[in-house]
Every structure is written in structure tokens, then in C-alpha cells.
Amino acid sequence: MKSQFLIAAPHSGSGKTTVARGLMALLTEKDYRVQPYKCGPDYIDTKFHTAVCQRPSINLDSFMADAQHIQYLYDHYSQEADVCIVEGMMGLFDGYDRDKGSSAEIAQILHLPIVLVVDARSAAYSTAALLQGFLHFRNGLQFAGIIFNKVGSARHAEMLRQVCDDLHIRCLGCIPKQYVLQQGSRYLGLDFTKESDMESLRALMDQHIDWQTLLQLTKQEQTTNDLLVHAPRSTVSSSTSYRLVVARNDEAFSFLYQENLDRYEQVVFFDPERDVPQLKTTDILYLPGGYPEKHLKALRQNDVCRQVIKSFAEQGGRVIAECGGMMYLCAKIIADDGIYPMCGVLPYSISARQEHRKLSLGYRQFVLDNMEYRGHEFHYTQFLDATTPSVVQVYDAKGDPVTTPVFRYKNVLASYTHLYQI
């Protein structure tokens, strides 16, 4: 028996990330072994989870993996955990096609009770109508309770508790308006890696959330969904004896799915800003995404590393490069402060200049050499070249064609797409 639940919200900005992170930190401090998960392809939240829980946070995504694989991941990484906390994404029912791919779908696959974090600003009993809809919109979901955020006063909290009483759902907490919870984007706001900020967050959770009741309400045996035998697309991981050499840097090359690393028997890391990789016995060189455009001077200065990588690729070495990794393989990256030569494996120029910034976002899928690839694209940089011929047509989650190119040069596979499995 272990406590396990999914933290969701009616919409983004309700505070679910802060509540999820705060509960993870609080329970870890109280000596619970907390296994974190994140719905969707997000790399940023998982890094915070991992730092707080000291266990790798695992992505659960029903576009990039089928139900069988999601159950496998959940079971595999929850071994020896006392508490499993899944942080949802966007609104509870927001998916790539209506509620397909949503947090609600993950909760249903894993039979997880849902804790709904509700932004209670400028609302009192009207919240009842909102919650009534969420609680009964889809059959098969179970709700452990409600946490109200941004509560204005003790009187406001009492009115919100009356809402829960009338709807026969447990109120698990009323978090008052606090500076720590009024930060905007997670890229701004407080640095939750600072112990002083984490201590404030833990204290806030401890004081205003009935976490003991939450753990009791969500304690259950892990069960396997009977529908999993009918999963249409199996992607369950199997380990491989390949030697995987991975570029890793706290920011420039940091967008990694833990599962991808765990599939390999031997994984070796190097930092392209400081190290020179030893590639003579390498089976796969993996250049993941990140923000190389923020580290161009350091990447340029490590000329030996760039030469070694180019030589490996030219000699037929197998390379997988995603987004920032693909940018690193190109001829040059053009920034506001100058032009920076990169590895030169791909003959393209990438612009990171402010004038060329344009958001490209969404799920991606394509078939290459009879193998289906799925992943996610998120970037602002753009190609400057007039033509960047793709070896395959790429599609979005709904099957509509997109212009994202995929490059194949010798044994190099490169794209803006962050691949789910490599």
C-alpha cells in the first residue's frame, strides 16, 4: 500500500506546479520516499522534481507512449517509493485532441485519484458550479479532494469549504495569497533550488494543506488496468548493451528523458563546453536539446570537442541530435552579438537573433526506415537557409503535415524534434 495521486487544475496558472513541488519537498523532508512524475513532454518541471525528491522524475505521455508503456513506467519507477505524486499539465482535460493526451487520461490509465488545485481569486460559491462540472464531466475518474489557492481571508476560506461540503468532496487545504505563490512564469519567480525559498514553500504546505489526510485518502494498492492488453502501440523499453555517450550540460544540453538513459547498459556523459568525448568505442553519440544559444562562446572555444564530433560523424559514427543538439551539429549559430561556428556536420545556419525568434510548438511524428518516431518540438530559433530538405514528412498529433525537417547524413539523425525514445 502506498499513497499515490495526480495533482491537476482547471487551467494553467492555478498553482498546481507550486503545490506539487511543495508537497514533494515537504514529504521528502518528513522522510517519505517520494517518486515524482510529470504528465506530458515537459523537461523543466521534471528537473525541479528530481532536485527536490532526489529521485528521477519520469514523464508520462499518452501521445508518445501507449497505455501499456505508461503503466510499465509507473510501476518500474515507483518501486520502493512510499508516495507517488504525478503533476498534471495545463487544465485537467486539455489534450492534443480534446481530452486525448490529457492529465485526465493519465489518471484513468493508472487509476489515480485526482487532487484538484483551484484558483479561488475573486470567486466564492460560484466555484461550486465549476467544480460540479469537473467532478462529473467524465465517468471513471476519482477525486481525492480540492486544494484552494490564492484564498483572500479566513471568511473566504470558510465559504470555499462550504462549497466542498455541498458537493461532498474533501477540502484538503486553503492556501492564502502569498508572495511565494504569486510568481508568474516558472522561468521567472523564485529559485526553488535555494534552500531559503524551499523552506518557505515547505512551511506553507505544512501549515495550509491537510497532507496527512491526503496520504490516507490516496493510499491504495497499485493495480494494472485490464484494458492494457488492448493497447494499440507497444513501446515498452528493453535494455540494450550499447555504449551511449551523452552530451550533458546544466542548460545547453539538458533536455533528457530519464527513461532513454536507463535503457542503456553503459552511459557516459561529457560537457561540450569543457570536455573532449572519447568516441572510439562509442555505439551512439546522443546530443539532446537545451539552450546552446546561451552558451555559444564556451561551445566555440572548445574547438577540439567540435572537431572530434565532426570526425566521428564523417567516419560513419551513429549520432542522434535533437533540437539544441541539432543546432550544435550545424555550420553556425547566429546570435545578436555575433556569428559562432559549430560542428559543421550539417551545412545549415541557425538564427537565435531576437528578430528571427518564432515559437514552434507541438507533438511530432514520422516514420523512417519502417520505424515510427514520436516526440515533441519546442523552440524559438529558426533556420536561415532557404531550403532545408527533409528525408521524411513530419506530422503533428492529429496527422496534419508540418514543415519540421528531419536530416539524415550518413549515420546522423537530426531534427528539431525531441524524440521520446532513442
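Which residues in helix α3 (residues 67-77) are buried? They are His-69, Ile-70, Gln-71, Leu-73, Tyr-74 and Tyr-77, where buried means under 20% relative accessible area with a 1.4 Å probe, protein chains only. The model is predicted, so local features need pLDDT of at least 70 and side-chain atom pairs count only at pLDDT 80 or more, while totals for chains, interfaces and linings use all residues. Residues are numbered from 1 along each chain as its sequence is written, and side-chain values use heavy atoms, without hydrogens and water. Helices are DSSP runs of H or I with at least four residues, strands are runs of E with at least two, and both are numbered from the N terminus.

The cover over the buried residues of α3 includes β1 (2-8), β4 (83-87) and α4 (103-110).

Two packed helices are described by the angle between their axes and the distance between the axes. Helix α1 (residues 16-29) and helix α2 (residues 44-53) pack at about 15 degrees, with axes 9 Å apart. α1 is therefore roughly parallel to α2, a label for angles under 35 degrees.

Helix α5 (residues 127-136) and helix α6 (residues 154-167) pack at an angle of about 40 degrees, and their axes are 10 Å apart.

Methods:
Axes fitted to C-alpha atoms, helices over the stretch in contact; angles between N-to-C directions. Buried < 20%, exposed > 50% of the residue type's maximum accessible area, 1.4 Å probe, protein only. Contact = heavy atoms within 4.5 Å. Parallel < 35°, antiparallel > 145°, perpendicular 65-115°, else oblique.
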